[in-house]
Amino acid sequence: MTQQSAAETILAVENISLSFGIMKVLDSISFDIRRGEIRSIIGPNGAGKSSMLNVINGFYHPQEGSITFKGETRKQMAPHVAASHGIARTFQNIALFKGMSTLDNIMTGRNLKMKTNLFWQALHIGPARLEELENREAAEKIIDFLDIQAIRKKPVGKLPYGLQKRVELGRALAAEPELLLLDEPMAGMNSEEKEDMSRFIIDVNSEFGTTIALIEHDMGVVMDLSDRVLVLDYGKQLADGLPDEVRNNQVVIDAYLGVPHEH
Amino acid sequence: MTFFIEVVLSGLMAGVMYSLVALGFVLIFKASGIFNFAQGVMALFAALTLVGLMENFGFPIWLAIIGTIAVMIALAWLIERVMLRHLVNQEPIILFMATIGLAYVLEGMGDIMWGSDVKVLDLGIPQGASDWMLDNFDIYIEKLEIFAAGTAAIMVAFLAVFFQKTRIGRALRAVADDHQAALSVGISLHTIWVIVWSVAGIVALVAGIMWGSKSGVQFSLSLIALKALPVLILGGFTSVPGAIIGGMIIGVGEKVAEVYLGPFVGGAIENWFAYMLALAFLLFRPQGLFGEKIIERV
């Protein structure tokens, strides 16, 4: 614990409030993510978990609060700022480029690593070609890491669900992110696929040192993987702490199991 | 037999001319889901600018072409700034209406800047019948049309490599596929839109040059966009090869129909045959020959 709190904070959100019209989606949420940890966000459906990730990566702009990422404080993020500063993500409902091959999808993840301008690109010679080859190599490494060599050339729209999730992780990894946001990476998977995905998440975290923010419904997985767990319910922050603390927290148990309202 | 081949060939060549226009539509539709009603006017505008630069400023051909490309890129940038940026996430029909407005703005601008009289566009593209074809095969075919076909082939090969093999090409396809996912990997929608409208502008310039050389640069040039519609329906709105092959089918179809069916119904089939063909396609294969299948989940 002491060792953990000494770790550098990579992201801190403070008093984030987000509403759509009269609907309050996030109500004054504050938490931080430390470099190198696996940080889970859990909560019942509609708790605001995905909205929180959308705020972090700049899809949603909160009305109040601030986001501090790598020491820079902003009122809100913009998607390209988030991406270019090292935040990558996957989506709850897979958002792959369905008409493109696995390799091309992962190559898009390297978009920001490639710099040659339109001129060289259009001619497809010189620096553009060299750059393409270098990045192709990086993409192949990720393909090996995720063990998806066999589907390299297949259009991803035709792949089974579990593999699509894996390709999406690959695209996020291709950007070599410092902070990786995973929105229900195991939703709809069978137990074997879940085990594979858990292993990948642990490997990414330990081998590449990538910080991970994870939304997941499978409590077994969350308790096994996470360093710390944040609990949301109806846009409010219910609890924040070590997996064991959260598991035994009465408020959290009530939120999940539901308690009869006292009148 | 020679006559039949001649009819088919001239149909193919006319079809390529349609394809050139359809290509511009496909590019913009692919990358942004916008049906750009102004594509025909963009061809007119590009041709007018080209002629204007040559006549009024005495630019040599190569400089006038570079100048026109620069104007088309500036135009793309302006369109993104003034129009598209403010219409993000709007319904397709609203974006479509905006492009109708754009068509009138461009038409007016072309008129104001370069006047409305018919202009001759002479870039030194060979005119008249190809003697070689006439001597060897006894087939009549226009040199300009051969030239247009060659240009279209080069342009399509270029676009194919650009789309498939480069980062920006991939980014274009990514944006076409899924906006959010594209944003999450750091692709800027604004830049992509400027690029794709620029490319469509350059394609419009090529179409404008070909049609302008054939029939003079005049307002009716913008109406060739109407002929591109059946081509798009046949080839699919999202497919570059579809635009080419669709154009050829329409071209050959209407020539063959005119020559062989025309006499039985009193002629002039050529004017409506393409639209009938498109109608039939809408009934049986609405996504076109090469378009992505439209699947709606309920």
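Buried area is the accessible area, with a 1.4 Å probe, that two parts lose on being put together, summed over both. In this predicted model, chain B and chain A bury about 2200 Å² between them. Carbon and sulfur atoms give 60% of that area.

**The interface of chain B and chain A**

- The contact draws 29 residues from chain A and 22 residues from chain B.
- On the chain B side, the residues that lose the most area to chain A are B:Arg167, B:Arg170 and B:Val185. Together these three make up 30% of what that side buries.
- The count of salt bridges between the two chains is 2. In a salt bridge, the side chain of B:Arg173 meets that of A:Asp104, at 3.0 Å from N to O.
- Three elements of chain B give two or more residues to the side that touches chain A: α6 (143–165), α7 (167–177) and α8 (179–184).
- Of these, α7(B) gives the most, with 7 residues.
- By class, the chain B side holds 12 nonpolar, 4 polar and 6 charged residues.

**A helix pair within chain B**

- Two packed helices are described by the angle between their axes and the distance between the axes.
- Helix α6(B) packs with α9(B), residues 189–215, at an angle of about 170°. Their axes are 10 Å apart.
- Angles over 145 degrees count as roughly antiparallel, so α6(B) is roughly antiparallel to α9(B).
- From α6(B), the residues in this contact are B:Leu144, B:Glu145, B:Phe147, B:Ala148, B:Thr151, B:Met155 and B:Leu159.
- From α9(B), the partners are B:Val199, B:Val203, B:Val206, B:Met210, B:Ser213 and B:Lys214.
- The contact of α6(B) with α9(B) has 9 nonpolar, 2 polar and 2 charged residues.

**Salt bridges over the whole model**

- Over all chains, the count is 26 salt bridges.
- One of them joins the side chains of A:Arg35 and A:Glu8, at 2.9 Å from N to O.
- A:Arg35 lies in the loop between β2 (23–34) and β3 (38–42) of chain A, and A:Glu8 in the loop between α1 (2–6) and β1 (9–20), so the pair ties together parts that are 27 residues apart in sequence.

**Positive phi in chain A**

- Most residues other than glycine have a negative phi.
- A:Glu176 has a positive phi, near 50°. This residue sits in the loop between α7 (161–174) and β7 (179–183) of chain A.
- A:Glu184 also has a positive phi, near 50°. A:Glu184 is in the loop between β7 and α8 (191–207) of chain A.

Note on methods: Residues numbered from 1 in each chain as written. Chains lettered and ligands numbered in written order. Predicted model: local features only at pLDDT ≥ 70, side-chain atom pairs only at ≥ 80, totals over all residues. Heavy atoms only, no water. Contact = heavy atoms within 4.5 Å. Salt bridge = Lys/Arg side-chain N within 4 Å of Asp/Glu carboxyl O. Helix = DSSP H or I, 4+ residues; strand = E, 2+ residues; numbered from the N terminus. Nonpolar A, V, L, I, M, F, W, Y, C, P; charged D, E, K, R; others polar. Axes fitted to C-alpha atoms, helices over the stretch in contact; angles between N-to-C directions. Parallel < 35°, antiparallel > 145°, perpendicular 65-115°, else oblique.
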